[in-house]
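Please find below a colleague's note on the structure shown here. The points are numbered and may be read alongside the coordinates.

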Amino acid sequence: MSARIDHLVTSGVFTLDGGTWEVDNNVWLVGDDREVVVIDAAHDADAICAALGDRAVRAIVCTHAHNDHVDAAPEVARRTGAPVLLHPDDLPLWRQTHPDLEPDGELADGQVIEVAGVVLTVLHTPGHAPGAVCLHAPDLTAVFSGDTLFQGGPGATGRSFSDYPTIVRSISDRLLTLPPETVVHTGHGDTTTIGVEAAAKDGWQQP
């Protein structure tokens with residue numbers, strides 16, 4: 001298997017509920033030397049396209065529609081011809097950033113995206129956002145968690161469209177049931193593993 005995970009960090013702003021914060025986002029590229037899927041096209045289309053090179057882009061997957069995860073998606077799509085995919089429950093958030101442009105396709109729980117001989121399975125994990133999803137790639141011993149699960153616990157739930165009991169249920173039912181060695185590639189910050197986060201679950205505190 002030649003598939004691999006490439007990673008870059010892009011910087012910009014997150015804006016919601018009248019507030020603005022400087023953020024660094026993880027952008028994940030899953031594929032090989034010929035084809036690739038982009039997970040969360042954040043902030044910097046130039047940097048993302050440079051990392052893609054001349055590879056065929058099969059899809060631009062949005063783990064959720066907060067502006068810092070989707071702001072560069074339409075431009076990367078325009079340059080590569082790839083479809084932008086989003087869970088429909090996050091359309092209200094998407095339209096805050098792109099009011100005149102719809103995603104190209106929908107994500108659904110259990111949907112399979114294939115690239116470079118590996119399978120990415122969509123897991124609907126609401127809580128941080130209604131349409132938040134994670135992507136499980138067992139062949140790569142990986143799950144791409146967006147802002148659902150971080151090193152140290154759940155993503156933030158203190159703003160519009162979010163709910164703490166819902167995110168805890170999503171993590172417990174959909175993510176902590178994955179093999180403990182699964183590496184969690186997060187939307188911001190460092191990676192972790194399912195085993196580490198499962199062991200720490202009893203110490204989580206609601207933000």
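1. In which loop does Ala116 lie? Ala116 is located in the loop between strand S7 (112–115) and strand S8 (118–124); helices (H or I, at least four residues) and strands (E, at least two) are DSSP runs, numbered from the N terminus. Although Ala116 is not a glycine, its phi is positive, at about 50 degrees. Ala116 counts as buried because its relative accessibility is 9%, where buried means under 20% relative accessible area, exposed over 50% and partly exposed in between (1.4 Å probe, protein chains only).

2. Basis of the model. This is a predicted model, in which local features need pLDDT of at least 70 and side-chain atom pairs count only at pLDDT 80 or more, while totals for chains, interfaces and linings use all residues. Residues are numbered from 1 along each chain as its sequence is written, and side-chain values use heavy atoms, with hydrogens and water left out.

3. With 18% relative accessibility, His43 counts as buried. Most residues other than glycine have a negative phi.

4. Overall form. The protein chain contains six helices and 14 strands. Its radius of gyration (taken over C-alpha atoms) is 16 Å, close to the 17 Å that the globule rule gives for 207 residues, so the chain is as compact as a globular protein of that length. The globule rule is 2.2 Å times the number of residues to the power 0.38. Along the principal axes, the C-alpha atoms fill a box of roughly 45 × 45 × 25 Å.

5. Of the 207 residues in the protein chain, 55% are buried. Among contacts (heavy atoms within 4.5 Å) in the protein chain with a separation of 6 or more, 53% come from residues 24 or more positions apart.

6. Packing of H1 and H3. Helix H1 (residues 45–52) packs against helix H3 (residues 73–80) at an angle of about 40 degrees, and their axes are 9 Å apart. Axes are lines fitted to C-alpha atoms, for helices over the stretch in contact, and angles run from 0 to 180 degrees between N-to-C directions. H1 and H3 are therefore oblique to each other; angles under 35 degrees count as roughly parallel, over 145 as roughly antiparallel, 65 to 115 as roughly perpendicular and the rest as oblique. H1 contributes Ala45, Asp46, Ile48, Cys49 and Leu52 to the contact, and H3 contributes Glu75, Val76, Arg79 and Thr80.

7. Trp28. This residue belongs to strand S2 (residues 19–31). At 6% relative accessibility, Trp28 counts as buried. Beyond its neighbours within four places in sequence, Trp28 is in contact with residues including Ile5, Val37, Ile39, Phe144 and His185. Trp28 and Asp89 are 61 residues apart in sequence, and their C-alpha atoms are 22 Å apart in space.

8. Trp204. The segment after helix H6 (194–200) holds Trp204, which counts as buried at 10% relative accessibility. Leaving aside neighbours within four places in sequence, the contacts of Trp204 are Leu149, Gly152, Gly153, Pro154, Tyr164, Ile171, Leu176 and Glu197. Trp204 and Val168 are 36 residues apart along the chain, with their C-alpha atoms separated by 9.5 Å.
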